[in-house]
Amino acid sequence: MFNKLTKRGFCTAISSRPWLFVGLGNPGEKFRGTRHNVGFQMIDVFAESVGIPMNRVHCKAVFGEGFVGDIPVFLAKPQTYMNLSGESAGPLAAHYKLPLNRVLVFHDDMNLPCGVLRLQHNGGHDYHNGLKSVIYHFRGNREFARLRIGIGRPPGQMDPKAFLLQKFNNTAQERIDTALQEGVGALKRLLSHGLSESVRHFNHEQKYKHIRLQTMPV
């Protein structure tokens with residue numbers, strides 16, 4: 001990364017502080033496309049949209065680095081399995097000496113309708129084991145941003161764990177594909193306008209989507 005900083009202009013890059021984006025999920029082919037892995041999907045779609053190759057392994061994560069405009073960006077998909085995600089996210093933030101207000105975690109959220117997103121400055125873990133691990137390895141500090149990706153709730157009496165590890169049906173996947181593109185737009189706005197402006201603008205748009213989708217079946 002320091003070679004890239006030199007090529008792009010070290011002073012410019014330092015004045016534009018880096019961001020670390022961490023997508024949560026489970027490694028391995030059998031988990032690809034499952035609800036619990038939408039954090040990985042968000043990383044992949046964003047990386048492709050900005051031309052950052054995910055071609056390294058670093059701090060137990062599939063890792064990529066590059067610039068969006070003049071902003072250095074680190075992208076990571078921890079390979080520790082969901083419940084140990086902090087074993088990767090914590091060392092990554094420490095390695096690059098990033099304050100937690102420059103860390104953004106992407107994760108699935110059953111409390112939002114499928115395909116609805118929320119961008120937040122901080123928050124708790126709401127019983128999400130990946131977030132629990134990240135908070136633990138940030139020494140209990142919760143002051144990092146999150147992009148919550150709605151996957152909806154399990155139908156009927158279905159076991160939530162089974163629901164999380166199930167792949168999306170066609171209708172749900174279409175919603176998720178649309179949501180991920182909306183997420184790319186929100187992330188690019190964050191990098192160009194800052195987190196607070198992006199939260200205000202993006203969540204205002206998503207509020208109406210939430211109202212429209214919350215009663216629609218998938």
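## Helix α5 and its packing

The buried residues of α5 are G130, L131, S133, V134 and I135. Buried here means under 20% relative accessible area, exposed means over 50%, and partly exposed lies in between, with a 1.4 Å probe and protein chains only. These α5 residues pack against α4 (86-95), β5 and β7. Contact means heavy atoms within 4.5 Å. Helices (H or I, at least four residues) and strands (E, at least two) are DSSP runs, numbered from the N terminus.

R139 follows α5 and has a positive phi, near 60°.

## Basis of the model

This is a predicted model, in which local features need pLDDT of at least 70, side-chain atom pairs count only at pLDDT 80 or more, and totals for chains, interfaces and linings use all residues. Residues are numbered from 1 along each chain as its sequence is written, and side-chain values use heavy atoms, with hydrogens and water left out.

## The chain as a whole

The chain has 8 helices and 7 strands. Its radius of gyration is 17 Å, which agrees with the value near 17 Å for a compact globule of 218 residues. That radius is taken over C-alpha atoms, and the globule rule is 2.2 Å times the number of residues to the power 0.38. Along its principal axes, the C-alpha trace spans about 55 × 35 × 30 Å.

Buried residues make up 51% of the 218 residues. Among contacts between residues at least 6 apart in sequence, 73% join residues at least 24 apart. The chain exposes about 10,600 Å², and carbon and sulfur atoms supply 53% of it. Accessible areas come from the Shrake-Rupley method with a 1.4 Å probe; for residues, only the protein chains shown count as cover.

## The largest pocket

The largest pocket has a volume of about 550 Å³. Of the 24 residues that line this pocket, the closest to its centre are H36, Y127, H128, N129 and L164. The elements that give two or more residues to the lining are β5, α5 (129-137), β7 (145-150) and α6 (160-164). β5 gives the most, with 3 residues. By class, the lining has 6 nonpolar, 11 polar and 7 charged residues. Ala, Val, Leu, Ile, Met, Phe, Trp, Tyr, Cys and Pro count as nonpolar, Asp, Glu, Lys and Arg as charged, and the others, Gly among them, as polar.

A pocket is an open set of points on a 1 Å grid over the protein atoms alone, where a 1.4 Å probe fits, with protein on both sides within 12 Å along at least five of seven lines; lining residues have an atom within 4 Å of a point. Grid points are joined across faces, edges and corners, and the volume is the space filled by probe spheres set on the points.

H107 is found in strand β5 (residues 103-109). H107 is buried, with a relative accessible area of 4%. Beyond residues up to four places away in sequence, H107 touches L24, V38, H128, L131, R146, L147, R148 and I149.

P160 is found in helix α6. P160 is partly exposed, at 38% relative accessible area. Leaving aside neighbours within four places in sequence, P160 is in contact with M110 and P154. P160 and M110 are 50 residues apart in sequence, and 9.0 Å apart in space, C-alpha to C-alpha.

## Positive phi in loops

K97 lies in the loop between α4 and β5. K97 is not a glycine, yet its phi is positive, near 55°. K97 is exposed, with a relative accessible area of 72%.

D126 lies in the loop between β6 (117-120) and α5. D126 has a positive phi of about 50°, although it is not a glycine.
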